[in-house]
Amino acid sequence: MVKRIGVLTSGGDAPGMNAAIRAVTRVALNSGIEVFGIYNGYKGMVEGDIEPLTKASVGEIIDRGGTILGSARLPEFKDLEVRTKAVAQLQKRGIEAIVVIGGDGSYRGALALTEMGINCIGLPGTIDNDITCTDFTIGFDTALNTIVEAVDKLRDTSSSHHRCSIVEVMGNRCGDLAIYSGIACGAEIIVTSQTGFEESEVLERLRDLDLIKKKRQAIVIISEKITDVHQFAKKVSLHTGFSGRATVLGHVQRGGSPTPNDRVLASRMGEKAVDLLMQGIGGQCISIRNNEIISVLIEEALNMPRDSRKKLHNLFDRLV
Ligand code: ATP
């Protein structure tokens with residue numbers, strides 16, 4: 001049976017990564033497996049920035065955002081030569097298997113390492129909810145809460161000034177943060193890659209909200225990478241009765257204490273990852289589907305099409 005495993009966080013950080021590190025460490029230690037923390041993702045693996053973790057060293061972190069192990073991007077990890085160095089660092093310490101907490105890029109690294117004889121299990125750590133094989137990623141719920149809190153505040157001030165707030169949220173081409181927050185905040189308009197963005201049509205809808213529906217304010221939630229929201233806000237001021245203001249929430253969405261849901265999700269997923277490694281399984285990633293924790297081959301996970309969010313968009317349309 002596996003005696004020593006490593007754990008790392010890679011790619012963009014997400015609230016709940018610490019809860020996952022804690023779960024992996026404690027479940028493994030309680031099963032008689034030694035655990036090593038690998039600092040700064042694959043970079044630390046290549047450089048040998050690796051330290052043993054104890055139950056105490058992962059104490060008092062379940063409520064902390066960010067990642068105590070640090071995260072980094074190392075594009076060179078795609079090169080076999082660089083990965084060979086990483087494998088040598090692991091072998092020197094007797095580390096046989098790894099839990100990789102990150103996004104789909106990190107999963108690719110995990111798959112490549114598994115193919116070199118180091119069993120890896122991926123955990124979905126990203127606020128964007130852009131990993132298609134899982135209903136939810138670790139960090140999504142916390143980011144959603146952050147957005148909802150911010151938009152609720154914007155609505156207060158927008159209604160005092162007959163404003164249209166255009167709020168750009170993260171998502172990395174996945175519209176989930178936008179559609180979920182739009183429903184939760186009672187936004188007037190949601191724009192995602194699924195809805196598409198017809199500027200003139202959105203302006204027309206805003207004019208209608210102002211002139212016909214006599215709204216005192218309007219909230220437009222828009223996914224990142226769709227349009228320049230500052231330019232669009234100027235057009236709202238020019239072509240509608242609202243004064244347009246853009247707010248890019250940016251990296252505040254990445255921070256904060258993880259919600260109970262993210263903490264529990266991270267703990268359940270961390271447990272499953274260790275159980276798989278104990279069975280000698282690698283090359284898989286952990287998902288939650290219909291509230292069940294399951295594992296999926298990384299290769300399959302990376303090629304899975306995204307579920308349509310049509311039902312959520314239909315619901316939104318019925319709520320306005
Ligand atoms: P996020 O969703 O936050 O961007 P991510 O895990 O997708 O997270 P990436 O920067 O795409 O972030 O990947 C993280 C790291 O995984 C890369 O810096 C690189 O070290 C490694 N990686 C990515 N793609 C590959 C690949 N094809 N082969 C080996 N390693 C890879």
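Which residues have the most contacts inside the largest nonpolar core? They are I5, V7, L123 and L177, and the core they belong to has 53 residues. A nonpolar core here is a set of buried Ala, Val, Leu, Ile, Met, Phe, Trp, Tyr and Cys residues joined through side-chain atoms within 4.5 Å. The model is predicted, so local features need pLDDT of at least 70 and side-chain atom pairs count only at pLDDT 80 or more, while totals for chains, interfaces and linings use all residues. Residues are numbered from 1 along each chain as its sequence is written, and side-chain values use heavy atoms, with hydrogens and water left out.

A second, separate core of 27 residues includes L8, V87, I98 and A110.

Aromatic rings come next. Rings of Phe, Tyr and Trp (its six-membered ring) pair if their centres lie within 6.5 Å; planes under 30 degrees apart count as stacked, over 60 as edge-to-face and the rest as tilted. The count comes to 5 aromatic pairs. In one of them, the ring centres of F136 and Y180 are 6.1 Å apart and the planes meet at 75°, so the pair is edge-to-face. Because F136 lies in the loop between β5 (119–124) and α5 (140–160) and Y180 in helix α6 (residues 176–185), this pair ties together parts that are 44 residues apart in sequence. Helices (H or I, at least four residues) and strands (E, at least two) are DSSP runs, numbered from the N terminus. Ring pairs also link F136, F140 and Y180 into a cluster.

F136 is partly exposed at 31% relative accessibility, and Y180 is partly exposed at 24%; buried means under 20% relative accessible area, exposed over 50%, and partly exposed in between (1.4 Å probe, protein chains only). For F197 and F232, the centres are 5.3 Å apart and the planes at 85°, so this pair is edge-to-face. F197 is partly exposed at 22%, whereas F232 is buried at 2%.

Finally, the ligand has 16 residues around it, with G12, R73, L74, G105 and S106 coming nearest; a residue is counted if one of its heavy atoms lies within 4 Å. An N or O atom in the side chain of R73 is 2.6 Å from a ligand oxygen atom. A backbone N or O atom of G103 lies 3.0 Å from an oxygen atom of the ligand.

Methods:
Polar contact = N/O pair within 3.5 Å; in protein donor to acceptor, adjacent residues only side chain to side chain.
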